[in-house]
Amino acid sequence: MAQSSGGGVSRVVASLATGQLASGDRVVVACLPHSGLSAAAARCGAEVLAWRATREPNHRLPREVRDMYRLIESVRPDIVHLHSSKAGLAGRLAVRGRLPTVFQPHAWSFNAVGGGLRIASIRWERAGARWAHQVVCVSEAERAQGVAAGVEAPYTVIPNGIDVDHFGLTEPAARDDARLRLGMAPSDPLAVCVGRLCRQKGQDILLNAWQDIGDRVPGARLVLVGDGPYHELLRHRAPPGVVFTGEVGDPRDWYLAADLVVLPSRWEGMALAPLEAMASSRAVVVTDVPGALESLPPGQAGRMLVPRGDPRALADAVTALLPDRTACDDLGGQGRAHVRRHHDVRSMLERTEAAYEAARTTQRPAARGRASRTGAR
């Protein structure tokens, strides 16, 4: 079950569904209809059910919980896997521990808000944890945030995985070929940011830094790959020459075209874009949010990890790397080897199956579940 039906969450859910179907499981994906996730899940052969839910909790929540309850009753799954905060909220209220339930926050809900809303979010996560037989975090740092917030649950850490063969098919001419396909000049220093255009991903911070970067790196170009609620705001703030692609089904060509991939997030669990970029042999600059340090090869943090929310530090890191294609390619090669060793989607699938087995045997105060092989995930 997922409300976040685009971006990284969508890609993780689609990857899990593909692998689980190949293992012989029945997979049912409940998500927003006519979304990127619904299309991806259908392509891989999963059953897709429409669950209409808004991103934020509001007056529609009781209806969304009822709809989720009815979906689960109709499917009668053996495992319920809830992805991201809204599905985690509605799903746990609907199931209340009656079935083995796995909740995967993909970054905690309380990171997105402040003040009273943050306090309320933390209180909910503490309360809702009793209805999760496993809480899957994508990084040790994300797990540590939950523990520090008082969310007591059976935790499993499963780092995000990607299809390294899809993103790793690079040749010496891959950059030039990709730029030709995308209409980009072959020699310009090119920075690419892949992600939903929203406050979390921090593209506004990158635009604040870009004027300085453009002054210091002659000919530098920036491409923002993705769409989202900040699209018009970012367009209004962007200096001349910044390219907005809109929604892109497969960002692989943009990774290949880049000299440097930048993700200036305000919060994460473990972002997919840096992993995909490194699998494509591209250097990355990321902000020091949960999962970022764990996703980088050992020894690269000094050049590639910057404080979050700091445009000057971001500008300095990008300026130091962007004009040096040789250094970027060297760092990218190291990144590719690291991702192939530690972030292959096959490892994610194996560890997720182990988490399902643990959920079947974990006793929670409200848990009264069945256990067998097939399920809605």
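This is a predicted model: local features need pLDDT of at least 70, side-chain atom pairs count only at pLDDT 80 or more; totals for chains, interfaces and linings use all residues.
Residues are numbered from 1 along each chain as its sequence is written, and side-chain values use heavy atoms, with hydrogens and water left out.

Let's start with helix α1 (residues 7–22) and helix α2 (residues 36–44), whose axes sit 9 Å apart at an angle of about 15°. That makes α1 roughly parallel to α2 (angles under 35 degrees count that way). The crossing of the two is right-handed, meaning the near helix is turned clockwise from the far one by less than a right angle. From α1, the contact (heavy atoms within 4.5 Å) takes in Ser10, Val13, Ala14, Ala17, Thr18 and Leu21, and from α2 it takes in Gly36, Leu37, Ala40 and Cys44. By class, that contact has 7 nonpolar, 3 polar and no charged residues, with Gly counted as polar.

Now for the cavities: the structure holds 4 of 30 Å³ or more. A cavity here is a set of points on a 1 Å grid over the protein atoms alone where a 1.4 Å probe fits but cannot get out, and lining residues have an atom within 4 Å of a point. The largest cavity has a volume of about 70 Å³, and its lining includes Leu263, Glu268, Met270, Pro274 and Val286. Strand β11 (283–287) and helix α13 (292–295) are the elements that give two or more residues to this lining. By class, the lining has 7 nonpolar, 4 polar and 1 charged residues.

Key: Axes are lines fitted to C-alpha atoms, for helices over the stretch in contact, and angles run from 0 to 180 degrees between N-to-C directions. Helices (H or I, at least four residues) and strands (E, at least two) are DSSP runs, numbered from the N terminus. Angles under 35 degrees count as roughly parallel, over 145 as roughly antiparallel, 65 to 115 as roughly perpendicular and the rest as oblique. On a 1 Å grid over the protein atoms alone, a cavity is a set of points where a 1.4 Å probe fits but cannot get out, and a pocket is an open set with protein on both sides within 12 Å along at least five of seven lines; lining residues have an atom within 4 Å of a point. Grid points are joined across faces, edges and corners, and a volume is the space filled by probe spheres set on the points.
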